[in-house]
Amino acid sequence: MHIFPVYPNTSGSHVSQRRINKLKEPVVQILTQRADTIRKAFEKLATRYAKKPVLKLHIDDAVAKVRNARVTCASDSLHGESDGYRMWIPAAKMNDTYLLGVMLHEALHYVATFDGKDICAKDEHYVMRLLGDDC
């Protein structure tokens, strides 16, 4: 069920917009080609609810968010930020594998709704762990 890469123990260089742009297409491919796996992970989350919610997956929105990814110098953390439309990746030192994982992680925030409502970050992170992230 894993879609996240295995992270090597190297730091890499500072993130730049050029490096983000280079990884946009591989992240989009993971999202589109592994949409069924992503859906299954959210379905597993749904089994934890007392009443099974109606799941809707918004892969197109996640793809748009990846395409709108931008580097930010406002944070030195290794964690990105996202909303429903874009993501910001810090200009911290990270290798390309880790950068791809951060972009994939941010793309998966808000990718699914239960009964038309956003899923809380704690539950989203549960799904990401099912998918192989160590968030």
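Tutor: Three strands form an open sheet in the order E2-E4-E3, with mixed pairing. The model is predicted, so local features need pLDDT of at least 70 and side-chain atom pairs count only at pLDDT 80 or more, while totals for chains, interfaces and linings use all residues. Numbering starts from 1 along each chain as its sequence is written, and side-chain values use heavy atoms, without hydrogens or water. Strands (E, at least two residues) and helices (H or I, at least four) are DSSP runs numbered from the N terminus; two strands pair if DSSP finds at least two bridges between them.

At the edges of this sheet are E2 (70-72) and E3 (81-82), each pairing on one side only. E2 runs parallel to E4, joined to it by three bridges. E3 is antiparallel to E4 over two bridges, and the hairpin that joins E3 to E4 passes through four residues. H1 lies across E2 and E4, at about 145 degrees to E2. Such angles run from 0 to 180 degrees between N-to-C directions, with axes fitted to C-alpha atoms, for helices over the stretch in contact.

A further open sheet of three strands has the order E1-E5-E6, with antiparallel pairing. E1 and E6 (117-118) are its edge strands; each has a single partner strand, so one side of each lacks a neighbour in the sheet. E5 and E6 are held by two bridges in the antiparallel sense, and Thr113 has Asp118 in E6 as its bridge partner. H2 packs on this sheet, where it touches E1 and E5, and its direction makes about 155 degrees with that of E1.

Thr113 also has a side-chain link to His58, a polar contact of 3.2 Å (N or O atoms within 3.5 Å, one able to donate a hydrogen and the other to accept it within protein; residues adjacent in sequence count only if both atoms are side-chain atoms). His58 sits in the loop between E1 and H3. Its relative accessibility is 19%, which means that His58 counts as buried (under 20%; exposed is over 50%, partly exposed in between, with a 1.4 Å probe and protein chains only). Leaving out residues up to four places away in sequence, His58 touches Tyr110, Val111, Ala112 and Thr113; contact here means heavy atoms within 4.5 Å.

In H2, the buried residues are Ala35, Thr37, Ile38, Ala41, Phe42, Leu45 and Ala46. H1, E1, H3, H4, E5 and H5 are among what covers them.

Beyond its neighbours within four places in sequence, Met103 contacts Ile20, Leu23, Lys24, Val27, Val66, Ala69, Met87 and Ile89.
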